[in-house]
Amino acid sequence: MGLGGAVDRQTLKVPVPVHREQEASKGVGVDWDPLVHKEAASWLTVGISSGPGRDPNGLLYTLGNLFRASSKVEQKHLTVLVHLADSDLTWLRETIVQISSLFHPQILAGRLVLIHAPPDAYSAAGPVEGQEARCGDAASKRNVDHAFLVSFAARLSDYFLLLRDNTFCAPSFLTHIRRKVWAMRAHPWVLLEFSNRDSLGKLFRGGDLPRLARFLLLFHEDQPLDRLIPRFSILLAQRRPALCRPFLFYHRVPYYSANQDHQARAAQSRGPHGPHNPPGAVFTDMKVFGVHFPWEAYTLDESFFWTHNVTAGSHLTVILNRPANLSRVQVLTGTIVEGKHALQRGQVELGHSPEGVPQFCTSFVLLGQLLEGQLDQEVLPTPAGADVSCVKLVVNADQAGGLMVRHIYLWEESARATEAAQG
């Protein structure tokens with residue numbers, strides 16, 4: 001099925017940007033005007049559709065990370081477009097006030113634009129009603145939210161990058177994307193993917209956005225967004241996915257103090273033989289910049305800890321809530337494909353006999369050295385592996401530049417025995 005004819009029957013107007021201080025204070029900006037587009041003013045528009053969610057700071061985190069990951073020179077070629085996709089006026093007012101106070105310079109410079117579609121705009125797309133939607137309707141509404149987003153983004157820039165709340169962006173991501181686009185100049189493409197997570201990190205040409213908007217409107221009830229996007233690229237004759245490695249964008253899972261049930265669900269999603277990561281706390285004396293936090297190295301998702309310019313003797317230590325009999329320890333640093341930002345010289349130690357408040361282990365034994373930034377080692381059934389209270393990653397030499405501690409995975413002997421008995 002082609003994209004002509006039936007798709008073109010949909011006429012989509014775009015929401016007016018919420019950028020005047022008076023509108024921001026009222027939490028409105030809901031008049032519609034199909035002529036708000038202007039000629040391309042930047043090379044890349046980053047688009048985010050956001051609504052109230054489990055993590056109220058997810059959007060603020062992503063915006064802060066986007067601008068921190070971009071140099072002043074890069075920001076001259078960047079526009080960030082946010083669709084505030086909810087009809088709750090209280091949430092709209094609070095969100096606009098927060099963004100206006102935190103990102104006032106970017107708004108004045110035209111680098112950050114907020115838009116909002118009023119509830120009656122959704123009636124043209126079918127029976128999708130705000131936040132009262134059920135599960136299937138919620139996916140449908142999300143498609144329509146993104147149709148409004150990409151429609152407004154048309155002609156803002158040469159290229160459009162789709163992100164979401166709670167996204168970590170690699171430093172200088174815009175420069176990396178430009179290099180990849182230049183390298184692909186002789187190859188026709190519709191969609192370049194800078195992440196392997198659902199709709200995160202998808203790059204489109206600006207000229208394709210009107211068709212993408214109409215496509216999302218036409219099929220908004222058929223499939224969720226992460227399945228419609230590949231269908232769109234196939235319909236435009238891109239038969240194979242174009243995964244661009246190393247990935248530049250990762251989904252950040254919010255942290256909650258009562259974290260154990262969340263970890264158990266994540267472990268189940270990895271399969272019955274995945275790591276267990278018993279409950280514990282994470283401490284470090286390395287620099288923390290508010291980009292990715294130390295505890296994120298110990299989650300069972302794609303989060304990770306990011307720091308730089310580490311010194312010999314620095315450590316990242318997991319202190320378990322209770323001693324555990326470990327059967328295996330895996331520590332991964334650096335990017336997945338190219339191994340960039342890996343720890344060049346380091347080791348992993350197992351600790352015992354915790355004391356003090358907060359507790360810290362008083363004795364450690366060496367488990368092994370990292371090889372090419374990684375360690376994956378079985379723990380022999382000896383006293384060293386029994387009653388482990390701490391797992392410590394130690395830096396053995398000064399290292400300039402970025403360091404990514406991607407995962408610290410732990411397997412418990414008792415849990416492994418239970419799994420074996422069950423299956």
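I count a polar contact as a pair of N or O atoms within 3.5 Å; within protein, one must be able to donate a hydrogen and the other to accept it, and residues adjacent in sequence count only if both atoms are side-chain atoms. The model is predicted: local features need pLDDT of at least 70, side-chain atom pairs count only at pLDDT 80 or more, and totals for chains, interfaces and linings use all residues. Residues are numbered from 1 along each chain as its sequence is written, and side-chain values use heavy atoms, with hydrogens and water left out.

**Entry: Asn143**

I looked up Asn143 and found it in helix α6 (residues 135-153); helices are DSSP runs of H or I with at least four residues, strands are runs of E with at least two, and both are numbered from the N terminus. A polar atom of the Asn143 side chain lies 3.2 Å from the backbone nitrogen of Leu225. Asn143 has a relative accessible area of 0% and is therefore buried (under 20%; exposed is over 50%, partly exposed in between, with a 1.4 Å probe and protein chains only). Leaving aside neighbours within four places in sequence, I list among its contacts Phe219, His220, Pro224 and Leu228 (heavy atoms within 4.5 Å).

**Entry: aromatic rings**

I searched the whole structure and got nine aromatic pairs (ring centres of Phe, Tyr or the six-membered ring of Trp within 6.5 Å; planes under 30 degrees apart are stacked, over 60 edge-to-face, the rest tilted). Phe67 and Phe103 have ring centres 6.0 Å apart and planes at 40°, so I noted this pair as tilted. Phe67 is in helix α2 (residues 58-68) and Phe103 in the loop between α4 (89-102) and α5 (104-108), so the pair ties together parts 36 residues apart in sequence. Phe67 is buried at 7% relative accessibility, and Phe103 is buried at 7%. I also noted a tilted pair of Phe215 and Phe219, with 4.9 Å centre to centre and 55° between the planes. Phe215 and Phe219 are both buried. Ring pairs join Phe204, Phe215, Phe219 and Phe232 in a cluster.

**Entry: charges over rings**

I found the charged end of Arg178 over the ring of Trp43, 4.8 Å from its centre (NZ of Lys or CZ of Arg within 6 Å of the ring centre and within 35 degrees of the ring normal). Lys392 lies over the face of Phe364, 3.9 Å from the ring centre.

**Entry: sheet**

I traced an open, antiparallel sheet of five strands in the order β10-β12-β17-β14-β15 (strands pair if DSSP finds at least two bridges between them). β10 (280-284) and β15 (360-369) are at the edges with a single partner strand each, so one side of each has no neighbour in the sheet. β10 pairs with β12 (residues 315-324) over five bridges, and Thr284 has Leu316 in β12 as its bridge partner.
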